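Thanks for coming, everyone. Please take a moment with the sequence and the model before I walk through a few places in it.

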Amino acid sequence: MRTKIIVNPMANKGNCGKRWPQICAELEKHLGPLASSDVAITRERNHATHLAREAVDAGYRRLVSVGGDGTFSEMMNGMIADDRPIVPGLVLAQLPGGTSNELSRSFGQLSLAEASKAIAMGHTREIDVFRADAKGYAGGHVTRYGFVLAIVGAAATISWRAQRVPLLKRLGPISYVLMTAFTSLTYSPRPYRIQIDDEAEQRLPMWSLMLCSFDGAGEGLMLAPGADPADCKLDLIMVGDMGRWESLTKIVPNLADGSYLEHPKVSRRHATRITIDSDDMVRADVDGESIGQLPMSVTMLPFHLKVAANRP
């Protein structure tokens, strides 16, 4: 199977680019020598999407992202069109080189050796894919395919702020800690209109809303313990009408182990389709990428993608 390697040198504060020779050497131990034409380097945000589409058009059927979950998500978006894979039989893989490597963590492949072995062995596992439609910041319609999570409200604001302050970006995971504290002390719950599957619309004030496919996200967060990334369902978590001090002391410290779910103002259930809107400006984020603002709809798609794994 022809393999294309898509490398994001800016992942993990640029450390991915610095480590690329080491990563490449480990990968070649398992796959054999890589031709220069089998490797593509991203130059800007969303470039991996275009590189993935070009690779598939050129006949590659296994694509490997070297970076974090954002790079993998960009690559995945190049392999889907009109809510389905652009060709059958595609296999994706992640070599963990980013700040967040949830796919590799979840499948027990966080080391370069284990991840490279997974690619070479040919075993695959399936993951769900969802589609998110939102209002772009410029006012137009934005569609994004995701595999880890979609978030709105305070959680999306934290992500947006942490990525857009140059100094904080260089701090890596610490930037999220700082922005989480700052946002918790300044963010107020917003009124939402929410429709879940075919149920009646609800009107609720909330601090944040998260739709999770995997159990973890980001750097060491356990947002939905036990979530199954291939069950064709999203874990919908709604964090309700929180005061600022309450969110900072009762929710934020408990995100790492999932115990925040025990708070009486936090609810969790399954959903396959959800529409979210608000009269206020509320940011929306998919797989760590701020895609715009509400209204947003998220729909689980009726297919799975195959990803490289050490065991099926």
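Helices (H or I, at least four residues) and strands (E, at least two) are DSSP runs, numbered from the N terminus. This is a predicted model, in which local features need pLDDT of at least 70 and side-chain atom pairs count only at pLDDT 80 or more, while totals for chains, interfaces and linings use all residues. Residues are numbered from 1 along each chain as its sequence is written, and side-chain values use heavy atoms, with hydrogens and water left out.

Let me begin with Gly-288, which sits in the loop between strand S18 (283-286) and strand S19 (289-308). Gly-288 is partly exposed, with a relative accessible area of 30%, where buried means under 20%, exposed over 50% and partly exposed in between, using a 1.4 Å probe and protein chains only. Leaving aside residues up to four places away in sequence, Gly-288 touches Ser-159 and Gln-163, contact being heavy atoms within 4.5 Å. Between Gly-288 and Ser-73 there are 9.1 Å in space, C-alpha to C-alpha, although the two are 215 residues apart in sequence.

Now to the cysteines: how many disulfides does a search of the whole structure find? The search finds 0, a disulfide being a pair of cysteine sulfur atoms within 2.5 Å. For Cys-16, the nearest cysteine sulfur is that of Cys-24, 12 Å away, and Cys-16 is buried, with a relative accessible area of 1%. For Cys-232, the nearest cysteine sulfur belongs to Cys-212 and is 17 Å away, while Cys-232 itself is partly exposed at a relative accessible area of 38%.
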